Every structure is written in C-alpha cells, then in structure tokens.
Amino acid sequence: MVAFLTTLGIVLLFLGLLFSIAWHELGHLATAKMFGIRCTQYMVGFGKTLWSRTKGDTEYGVKLVPLGGFVRMVGMIPPSRKQDTSAKPMSRWRAMVEDAREANNVELEEGDEDRQFYQRAPWKRIIVMVAGPAMNLVLAVVLFALVLMGFGVLQPTTTVQSVSDCVVPTTAEDTSCSEDDPPAPAAEAGMRPGDEIVSVGGAATPTWERANQEIKGSTGPTEIEVRRDGETRTLTADLIENTVVKRDDAGDPVYKTDADGEPRTDERGYRVPETEKAGFLGIAFDQERQQLGAGETAAHMGDTIVGAGEALVALPSKVDDVFRAAFMGEERGIDSPVGIVGASRIGGEVLSQPIPLMERVVLMANLLAGINLFLFIVNMVPILPLDGGHVLGALWESVRKRLARLFRRPDPGPFDVAQLMPVAYIVVACFLVFSVILAIADIVNPVRIM
C-alpha cells in the first residue's frame, strides 16, 4: 500500500506541475490572442512533440521534456533598423543576433503585417508577458486561500498529545530513555495523553501560549489541573529545569542566525534551533487546525512570497552543494533546491505518510501552491529569456519613446530584443545544465522531508 501511495503521490504532483506549466502558458496565449498577435504554437514541454493538434492558427501539443513550456508568437524580434552593407565579417555576437532574427522571420506569413508581437504598444506587450507568471500567482493564491481559510493551519492546544517517559534534553539526537535517566515529571505525576491542562500553579491556562509560559516559568512541586473524561483532576508534578527549544507565540521553534542574519544550519542542512533553560514537564501538546481570516491569510502569503524571494536569491549559492550531492555523494540538506523530479518524489513521500488523508491533501496543496509562487517569482526576474526580460525591454522602449516625445526627437522605434539574444542563450544553457544536475541529485540523493 505504501508503494502504491508513493507512486500515486509522484504521479499526482507531476500532473500538478504540468498543469501549472500549461496554466502559465495559457495566460500568454489568451492575452496575445486578445491583442491580435498570431500564435503558432502552444506547447507544454520541450524537445520532441509527443502529441499535437492544430486549431485555427495555433498548434497545441505536449513535448517530451517537461521542464517548462512556451507560446510561440510571430514577430517577437523586430526587424533590424540598420542594414550592414560592409564587407567585414560579422562578429560571433553579431552573427548570433542575426541568426535569431532570421529564425524569428521564418514563421512570418502573408497577412502577418499587423499581427506581430513587437508591433503592439509596450503596455500590451507587458500584459502579455506578465499574464503567464500572473496565472501562477493566481493559482498559488487560490490554493493557499483554500488551505488557510478552508482547512486552517495547525496550532498548538492545551491538550496533551504525548507524555515523555524520562528526562532528556529536547535537543538531544537520541531521545530514547536509559536506566540512568530520571522519570519525566508528567509521567511521575500520572498525566496521560488526552488530558487538557486547565491551570498550572493556580494560574488559569485557557490557551497554549499561557500553558507553555506557566510550565516554563515553574520548577519544583507544582499543582496542575487537567480535564480528563469530563472531570477536573489535580495532579502534582515536580517540575525540573531542563534545556528546551525556544519557541515563539505560535509554537514554532526559534532558529539561530549568523552575524549576517542568515539561518544557521548543521552538517545535515537542518536549521539549528535556539535553546533555553526552563521548567520541564515532559509533554508534547496536541495540535488542531484553526481557520485563518482574510487578513491573516494575506499576511501568511506575504511572508511566503518573501521566503520564496530569499530562496531565489540564495539559489546560486546552492549550486555547489547540489553538484556535490549528485556526483560526490555528500549529504543533501533539507533546504536544497529540487527540480520536477525531486518535487514529484516529495509528493510521493507526503501521500504515503501514516497521517489522516485530509492532512496529506493539505500538504500536497501547500506544496503545489509554493511551487507556483516560486514559478511566479522566477519568471519575473528581468533577464531574457524569462518573461521579466521581455517586460524590462518593453518598459525601456516606453521610457525611450516618452523621452523622445518630451525632447521632440524622432521615435526611436521598438526595442531590439535580438541584441540580447546571446545573453538569453547563455541563460538557457546554464538552466539546462543546472536542471540536469538537479535531476541527477533528485534521483541518486533526494531531499527527504519526512
């Protein structure tokens, strides 16, 4: 059954990724057609075409390599304004520019005189290019809203989930009990899973925050009132001082950072939590899902966007780690980037976990939402061939036109994106190499979250 669920999770997340790519390209296609731009192809994937069907001016299909997709629009590159009549041989850069321009002109047909991308006003081209990433953002927002406002987020409660048998530092790697370890105060006092803590040391604990605060601030014999089977009982626990993980008001661990504010990680790539000396009872609190309001959901998504942006900025620094994990057998950190193979494997890992089905569905939805959010941010990076590169070119063209009108100069014409095509080739080559390395690492040394 575990193998079946793992395979099902891999397939479902893989299909979710393909849908996200198709959804992204649909944004480009719909807005391009809306502005009268002829689109020759709408493809999910790259390489050899596995299936296609032509409807109207556009061929719709699926290709072999699922590393992205594209919508091919005629006239992405404007014609050259300068004709080179010199007999001098072209530089390699110039040759690449002209090759790109020639390839762009191949698909031009009779009737395309006013249906080309570069002929549209800059604001229309910006809409066409932003529409793709915006579709990923919309999908991420919808998924996050369904999860956060519909199912909620896990929040600690005052109910006891488990009781420790003995006293060990909560930061210890081996938390199993030995004969020399003293019994935990909660176990010695007779506390049981399912008990709801009502008060600690005479102080009422209506929330987890208050219960946790009172426990951490108490040592020695302490009366703890619990509700069990509808009855209130008073237990006396001899709380001791122990090393515990420091937590914030939401119950999440507080992690250490270095001098630059970057998270500190151990040799396995796991973030290192801060610790403190505090009263120790020896219990773990249960959690339940609490629905968030619109404002809380917006704040949560804002934090997620910031986190995704930080992950993108840190991506170049992770290349060496991924290479070492793929080819040198070094251990891969939990914060290592993953590709479509690794993300699909994580989906299989999530779906095969022995947790309630609804929890697995929520985790899968969160994972797909996070991927779409990352796709939005990546595609908005202002460099070709990403959508943000075309947006930057259209913005620069708009600025040039306005300045020309302001100073009563001739119209400078469309921005010649072909001049930057060699840069785009370099970016594509780097992307392909990194994707291959990432796929190898995801296969031979995958990131495991459970």
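1. Helix 7 is mostly covered, with 10 of its 12 residues buried (buried means under 20% relative accessible area, exposed over 50%, partly exposed in between, with a 1.4 Å probe and protein chains only). The model is predicted: local features need pLDDT of at least 70, side-chain atom pairs count only at pLDDT 80 or more, and totals for chains, interfaces and linings use all residues. Residues are numbered from 1 along each chain as its sequence is written, and side-chain values use heavy atoms, with hydrogens and water left out. Helices (H or I, at least four residues) and strands (E, at least two) are DSSP runs numbered from the N terminus.

2. The buried residues of helix 7 include Ile340, Ile346, Val350 and Leu351. Glu349 is also among the buried residues, as are Gly342, Gly347 and Gly348. Their cover includes helix 1 (2-34), strand 2 (58-73), helix 8 (357-379) and helix 10 (421-444), where contact means heavy atoms within 4.5 Å.

3. The length of helix 7 (residues 340-351) agrees with its residue count: at 1.5 Å a residue it should span 16 Å, and its end C-alpha atoms are 17 Å apart. The expected span is 1.5 Å times one less than the number of residues.

4. There is one cavity of 30 Å³ or more, and the largest cavity holds about 130 Å³ of space. Of the 14 residues that line the largest cavity, Met76, Phe117, Arg125, Phe415 and Val417 are the closest to its centre. A cavity is a set of points on a 1 Å grid over the protein atoms alone where a 1.4 Å probe fits but cannot get out; lining residues have an atom within 4 Å of a point. Grid points are joined across faces, edges and corners, and a volume is the space filled by probe spheres set on the points.

5. Helix 9 (residues 387-406) gives the largest share of the lining of the largest cavity, five residues. By class, this lining has nine nonpolar, three polar and two charged residues. Ala, Val, Leu, Ile, Met, Phe, Trp, Tyr, Cys and Pro count as nonpolar, Asp, Glu, Lys and Arg as charged, and the others, Gly among them, as polar.

6. Backbone geometry. Most residues other than glycine have a negative phi, and most peptide bonds are trans. Leu384 and Pro385 are joined by a cis peptide bond with omega of about 5 degrees; Pro385 sits in the loop between helix 8 and helix 9.

7. Asp229 is not a glycine but has a positive phi of about 55 degrees. It is in the loop between strand 6 (220-228) and strand 7 (231-245), and is exposed, at 73% relative accessible area. Arg408 also has a positive phi of about 55 degrees without being a glycine. Arg408 is in the loop between helix 9 and helix 10 and is exposed, at 81%.

8. The structure holds six aromatic pairs. In one of them, Tyr42 and Tyr60 have ring centres 5.7 Å apart and planes at 55 degrees, so the pair is tilted. Tyr42 lies in strand 1 (residues 39-55) and Tyr60 in strand 2, so the pair ties together parts 18 residues apart in sequence. Tyr42 counts as buried at 12% relative accessibility, and Tyr60 as partly exposed at 24%. Rings of Phe, Tyr and Trp (its six-membered ring) pair if their centres lie within 6.5 Å; planes under 30 degrees apart count as stacked, over 60 as edge-to-face and the rest as tilted.

Technical notes:
On a 1 Å grid over the protein atoms alone, a cavity is a set of points where a 1.4 Å probe fits but cannot get out, and a pocket is an open set with protein on both sides within 12 Å along at least five of seven lines; lining residues have an atom within 4 Å of a point.
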